[in-house]
Amino acid sequence: MSRRRVRPTDDPAVVRWVLTALALGVFGVLVGLPVAVVVAGALRHGVEAYLRAITDPLTVDALQLTLLVVAVAVPVNIVFGVAAAWALAKFDFPGRAALITLIDLPFAVSPVISGLVFVLLFGGRSLIGPWLIAHGWHIVFAPAGIILATVFVTFPFVARELLPALEAAGRTNEEAALVCGATGWQTFWRVTLPNARGALLAGVALATARAAGEFGAVSVVSGHIRGRTNTLPLHIEILYNEYDFSGALAVATLLVALALVTLAIRWAVDAHAARDAA
Amino acid sequence: MTALPSRSTAPAAIDIRNVSKAFAHGALAAVADVSLRIPAGQLLALLGPSGSGKTTLLRILAGLEFPDAGVVQFDGVDVTDRPARLRGVGFVFQSYALFRHLTVAENIAFPLRVRHRPRNEIRARVEELLVLMQIEGLGGRRVTQVSGGQAQRVALARALAPHPAVLLLDEPFGALDTEVRQELREWLRRLHDELRVTSVLVTHDQEEALAIADLVAVLRAGHLERAATPAEIMARPASAFVERFLSTTRAGARCTGTGRHLEIAHAEPAR
Amino acid sequence: MRVARFTRTLLTTAILPLGAALLGACAKTGTPSATGGAVEILNVSYDPTRELYEAYDSLFAGHWKAKTGQTVTVHQSHGGSSKQARAVIDGLEADVATLGLAYDIDAIAAAGLTDTAWATKFPNHSTPYTSTIVFLVRAGNPKGIHDWPDLVRPGITVITPNPKTSGGARWAYLAAWGNALGRNRGDSAAARAFITQLYAHVPTLDPGARGATTTFVERGIGDVLLAWENEALLATHKLGPDKFAIVIPSTSIRAEPPVAVVDRIVDRRGTRAVAEEYLRYLYSPEAQEVAARNYYRPTDSAVAAQYAAQFPHVALFTIDSVFHGWHAAQTTHFADGGIFDQIYQPKAAPQPAVVAGTSP
């Protein structure tokens, strides 16, 4: 029995227990179980085999490419997302509604199409593709194309998280900053953004996870050149196709680790923000 | 309350001439042709019911709104088109508008940080203000962890930090309970006596206005009904509205106005 | 304030290296170095040759080093044959293409990237190794599948990839059709009926040969896999001969996966010499042994004799003899609206009216 006194507005205990159990159960099955299977499968042939799999040169290349993609795509989307969210929250301009809809476009479109768009734009049969290729600028089937496709599919995350936070924050804090003598930029850096810190970091966490794990769009644009244009998800597919199932799962644990790190950072920031708000 | 500001800016006289402001494309007249003069170092209370335009007028003084017509001058200098950032005013918002992600000390330091003042100057000034506001020891607290009355004083400290020539307060005691309000009201008057910053206080509480202001301006629906010292207003309301508005307080008001003969722009009689 | 300054510093210090990284990522890759130094070439291949080229590439690197003193790195890309051909046309910088069927290399030639007479450049119509289509069944052959007609017995599920995207699937389709023609004295209507029945027994079409193999082998779906012979041998050896068995049908098609140099790329990159030698060396005895060890039928008769035990005799027909070449086969069977589109429908839809068939 719970030691705390039951308040009149509480749901009955049975409701609380059932809902909690349901939530935990769904989470366990959909998230916990697969992660456990991945870890178990990765270690099936022992720790040494696991270490060999994750230090294999092709795996290291894939990891480096994934980290490069994340390191470029996420900051780019932070800048674009913050700019878009800020413009939408603070200004009313013709085309505002259209911009809000366009921001969601990468969600509406299949990732395969997202990748194909770049092949059509910069590939050998496009308008500017042949010129670029002839001058040695490799966009598709090269890391640049992977980065572009990833920027596209992760674009909405930061903007969508930030926009409601900026709208809810209202103008008063910013007016206070202005009256205190802050310029527009100072107000933005010192007041607006820190106020929306939680939402911004939530968006960044989502964008990072998606950038690291994106498969469809990257697969179309990649060229699958081993050691060059294979990200971690693509490399996992390769290992799977070579019947190296525990190797594939071993590399998958790297993605799981990346996701956990992202979540941990986000949790820490949330806890910090909750302390502020308390 | 013994420490005096280490570097003072001379308080400015405020001239408001024929200022008008309307919203919704002219449909909603918030301020209609108001003219008023506030001598340097005086405390003016803008008094009126809600919707009378007093907050809008205050925001016009701050530079947060620009009037449709009219002129605002500080010590004879036309500041009508100058944005808030460059007006050198301190503003205390009704909701205090403290920066939640910063501590008390950082909030107070904010106006000096954005002006890139040297760090030791900032530190000294923050200390000074914490003492002046009687909130020493709260410097390291997050603003979400202080009481309403303390938050109000932090907001005031922040407004005073850059030695403004003008101090503007928007219903500063609105969110507090009566006892605290009374106490803070008197404390604010004493503070004003010491600092002598030209101040404009917006309130709907007639008792408050009469108790602490040197000058009271009564607004109704955007128009200036009457502007005079508290004593004069009590003696001679000069309009039915003002009389009705003040009727509840005539009995117990304490007037602390200086009683000097003040220049008042001609007051519009009740329409 | 701390936070604001942190954000600002982070962004300014991050933008410079990120800009550099992005520029570097865009930068010219694979710059040619035809003189001394190291050279890199890209081999764009089809799905099942992963293990083959992993072995061959190190063999070739040793050979090239001994021959010229130059270090060569061969990069590999694998995928469905047609998908890879499309990628090359779209700008994937392949120095050599080692694909699953001549039609795909013809497409690359048609796009102007290589000489249309590519097939004459190397022996055997530029085919260094061949394979065929066999059946992979569960150990002990519980369903008693011995030949093509067994595939359409009631209750048999057949796994084969999608002929629209997989070269191996097209070979399998043509093998089935050719066999049906043979059994029905050249009656193309009967062959078509057999093919229609066959694909009615296929629950799912994977886009690539390796995907279909994984479906059968790892996910345990299906009674029989129509596979490249090299795939079937690889699966049994790698995953346990006690789990699978190979059934050689009475007749099958001689599957000829050709190779070609992509002229425009090698000329631009200055890698023609190494690319041509890369393909030429596939015909050497050492390379043919690598092919045989990776379950591809070598074209070198001496090596073939050595590995005869691994490659049982099958009565093979070729695409030219039965189908008049790839272009005819593609137009009739695999193009949009061709026979495959007509006979293969998602389960629920009714079969369309049969159009009077032209000869296959």
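User: Let's start with C:Y56: is this residue buried or exposed?

Analyst: C:Y56 has 1% relative accessibility, so it counts as buried. Buried means under 20% relative accessible area, exposed over 50%, and partly exposed in between, with a 1.4 Å probe and protein chains only. Keep in mind that this is a predicted model: local features need pLDDT of at least 70, side-chain atom pairs count only at pLDDT 80 or more, and totals for chains, interfaces and linings use all residues. Residues are numbered from 1 along each chain as its sequence is written, chains are lettered from A and ligands numbered from 1 in the order in which they are written, and side-chain values use heavy atoms, leaving out hydrogens and water.

User: How do I read an aromatic pair, and what angle lies between the planes of C:Y53 and C:Y56?

Analyst: A pair of aromatic rings is described by the distance of the centres and the angle of the planes. Rings of Phe, Tyr and Trp (its six-membered ring) pair if their centres lie within 6.5 Å; planes under 30 degrees apart are stacked, over 60 edge-to-face, and the rest tilted. C:Y53 and C:Y56 are edge-to-face, 6.1 Å centre to centre, with 85 degrees between the planes. C:Y53 is buried too, at 0% relative accessibility.

User: Where do C:Y53 and C:Y56 sit?

Analyst: An α-helix has 3.6 residues a turn, so residues three or four places apart point the same way. Both tyrosines lie in helix α2 (residues 50-68) of chain C, 3 residues apart, about one turn of the helix. Helices here are DSSP runs (H or I, at least four residues), strands likewise (E, at least two), numbered from the N terminus. Ring pairs also link C:Y53 and C:Y56 with C:F60, C:W64, C:Y278 and C:Y281 in a cluster.

User: Which residues does C:E277 contact?

Analyst: Leaving aside neighbours within four places in sequence, C:E277 is in contact (heavy atoms within 4.5 Å) with C:Y56, C:F60, C:H63, C:W64 and C:K67. C:E277 belongs to helix α11 (residues 272-280) of chain C and is buried, with a relative accessible area of 8%.

User: How about a sheet: in what order do the strands run in chain B?

Analyst: Strands of a sheet pair through backbone hydrogen bonds, either parallel or antiparallel. Chain B has an open sheet of 6 strands in the order β6-β7-β8-β3-β9-β10, with mixed pairing; two strands pair if DSSP finds at least two bridges between them. β6 (89-92) and β10 (223-228) of chain B each have a single partner strand, so one side of each has no neighbour in the sheet. Strands β3 (residues 43-47) and β8 (residues 198-203) of chain B pair in the parallel sense over 5 bridges.
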